[in-house]
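Please take me through the terms used for this model, and set each value against its definition.

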Amino acid sequence: MSLITQPKRIPKFFRGNAACPGCPIPRELDILLEELGEKTVLVVPASCSTVILGDTSGMPATVPVVHSAFAAPAAIASGIVRALRMRGEKDAIVTVWAGDGSTGDIGFAALSGAAERNEDIFYVCYDNEAYMNTGIQRSSLTPKGAWTTTTPEGKREFKKPLPFIMAEHKIPYVATASIAYPFDYQAKVKKAKQIHGFRYIHLLSPCPPGWRFDSSLTVEIAKLAVETGVWPLFEIENGEFRLTSVSKTLIDKNNRKPVIEYLKLQGRFSKLTEEEIKEIQESIDEMWEEIKAMVKK
Amino acid sequence: MVQVLKRKSLALVGNHAVAYAVKQAKPQVLAVFPITPQTTMLEKLAEYIQKGELKAEMIKIESEHSAMASIYGAALAGARVFTATASQGLLYMGEMIYWAGGQRVPIVAAVATRAIAEPWSIWDDHQDFLSKRDAIWIQMMAENVQEAYDLTIQAFRISEDERVILPVMMGFDGFILTHTMERVEVLEDYEVDSFLPPRQFNLIDFSDPIGIGPIAQPDEYMRIRYEAMKSMERAKSVIEEIMREYERISGKKQYGLVECYRCENAKYAFVTMGAWSGDAKVAVDRLRDQGIEAGLLKVRVFRPFPKEKIAEYLNSMKGVIVFDRAASFGSGGILATEVKSALYGSQTPVYSVIAGLGGKDVRPLHFQKVMEDLVNGKLEEERWIL
């Protein structure tokens, strides 16, 4: 009997790995690599992915992986891409796959330097909003109010607005993405692949143990982050700002779900007072006023 | 009949001599970040690239940490690479220095040695260079501008030799050599080409992808470190072999792990490293005139440490004085400690002199005086020339 089947998507990357249950990283990497193809070099600084990508006994990746010191991925990638270009490898894509601590904190100088030089590299930050690999310590990308082991009373400062900071470097492409909207993410990777120069995609990556939610809820929480407006999906192409996917409809405040729906599912926000939740809601609304202005421009 | 080679001679300051050697070595990726006193070397390299004399990617990077990281990446991807630094810059590179050493990639870095803050000092000593002695790098120190040129070319060859595959650090004294002009005999480009064939090493291969630098379980980690130690041991004979080949090509003599100056029949010896070896040689000559049988052992390669050579030359001496431009605080002169360890089991007394820190002037007279004190039984075990 012959069967006519739909072409089946075979995961390129992982068939078994050391990620926590419910961790979006393997799926996120899968989509990335499927889109980028085999001529990709992954540069991975110290992070959860260091563990997920295996030890010296083998690796699940089908592309070269260069493990990097925490502060160094953007610089290592700069060197790799220059050498590959010297060797005539014009189409190889050198991609940094880094967490929020490396990207926004310790590796920020190297990131900013590489962006300023407009190195021909593709940088993806998977943002789980804390130092998760060492056990949930706050980073500059931890949102205000969130519990971490180093902010037991909740973080007092706002999250560093990294996608906007990167856009200020006037690099050709900046985008945000979410695992709950894989086609949006995929389309952005596809677009970034075609662009030369420094490309930056910032992925919000919910972390079940770090954010204190049930591991079955990863996608739902990622979705709520977008629907409540906490995590707007957009791209900035050559300076031009554009909302994408469902976020296009969220300029109208009435279409945005209240932030409490996102917060209440996560143990890390369980100690927030009414007042603090109100403040978070206001800050989201404020951000959307700014986005509105950018869209109009 | 002795064939007299007519070598091309150039008047070059140390930084330009190293830059000239680098140009002839044809690296494909350079990373540059300015720090005194190596800056003029990188300016010269930028000029070579701008004029088209050197075809290389020059990454004008935002820090030394990134400078080392970027050439590490480029080296993995098959490029011949070079960078240079000094002092605080070398310290700031520190993490990536170890990273590159642990991964054992061919890299050449020139270090214009300079004191470390605090307090600020832009002048020469060896504290920066010696702080990287356990980073799995081959470390060599030049005595003069000629040696800085020669060692730079040799460094690429040593680094890339398949029996070695280690990064190499070429140290030369800040300002004393970097900014001093000397007559330098240089090789012809074709001679460098034959001495230094194009690089073969490439770890980033899309048809055979590997993970570079992943987590190692304890057994693997230990084994990888053991291999690094063995590679360092092997490097000793490979360095000597490569240096002998260089001697043949260049017509220069005495390139080895150590250099012996009038020490064959000497009863007393200085041990030095770097530029003041020249001052020590002058002192040796003067001491000999006084009837003191002095000699000098210059350590050219500090890692791997040539302990066998040192023992061979020094184990029958009546006294050895090691001059250090750096200290291990709470222990003593760094080179002195190494020499003592190499002479373990022999009866040779080893004296340690710490001098010249932060650029403090040291002259042949200082060497003479210390040796006279030794001969007269007046030298203490450790002396600081303040």
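Q: What is the strand order of the open sheet of seven strands in chain B?
A: The order is β3-β2-β4-β5-β7-β6-β13 in chain B, and the pairing is mixed. Strands here are DSSP runs of E with at least two residues, helices are runs of H or I with at least four, and both are numbered from the N terminus. This is a predicted model: local features need pLDDT of at least 70, side-chain atom pairs count only at pLDDT 80 or more, and totals for chains, interfaces and linings use all residues. Residues are numbered from 1 along each chain as its sequence is written, chains are lettered from A and ligands numbered from 1 in the order in which they are written, and side-chain values use heavy atoms, without hydrogens and water.

Q: Why is L166(B) called buried?
A: Buried means under 20% relative accessible area, exposed means over 50%, and partly exposed lies in between (1.4 Å probe, protein chains only). L166(B) has 0%, so it is buried. L166(B) sits in the loop between α6 (145–160) and β7 of chain B.

Q: What does L166(B) touch, not counting residues up to four places away in sequence?
A: Contact means heavy atoms within 4.5 Å. The residues touched include R104(B), V105(B), P106(B), I138(B) and M232(B). W137(B) is 29 residues from L166(B) in sequence, but 6.2 Å away in space, C-alpha to C-alpha.

Q: Why is F329(B) called exposed?
A: Its relative accessible area is 61%, which is over the 50% limit, so F329(B) counts as exposed. F329(B) lies in the loop between β15 (327–328) and β16 (332–333) of chain B.

Q: Which residues of helix α5 of chain A are buried?
A: They are A110(A), L111(A), G113(A), A114(A) and A115(A), in a helix of residues 108–116. What do these residues pack against? The partners are α3 (73–86), α4 (100–106), β4 (122–127), α6 (162–167) and β6 (199–204) of chain A, together with α3 of chain B. Just after α5(A), N118(A) takes a positive phi of about 50°.

Terms used: Pairing = 2+ DSSP bridges.
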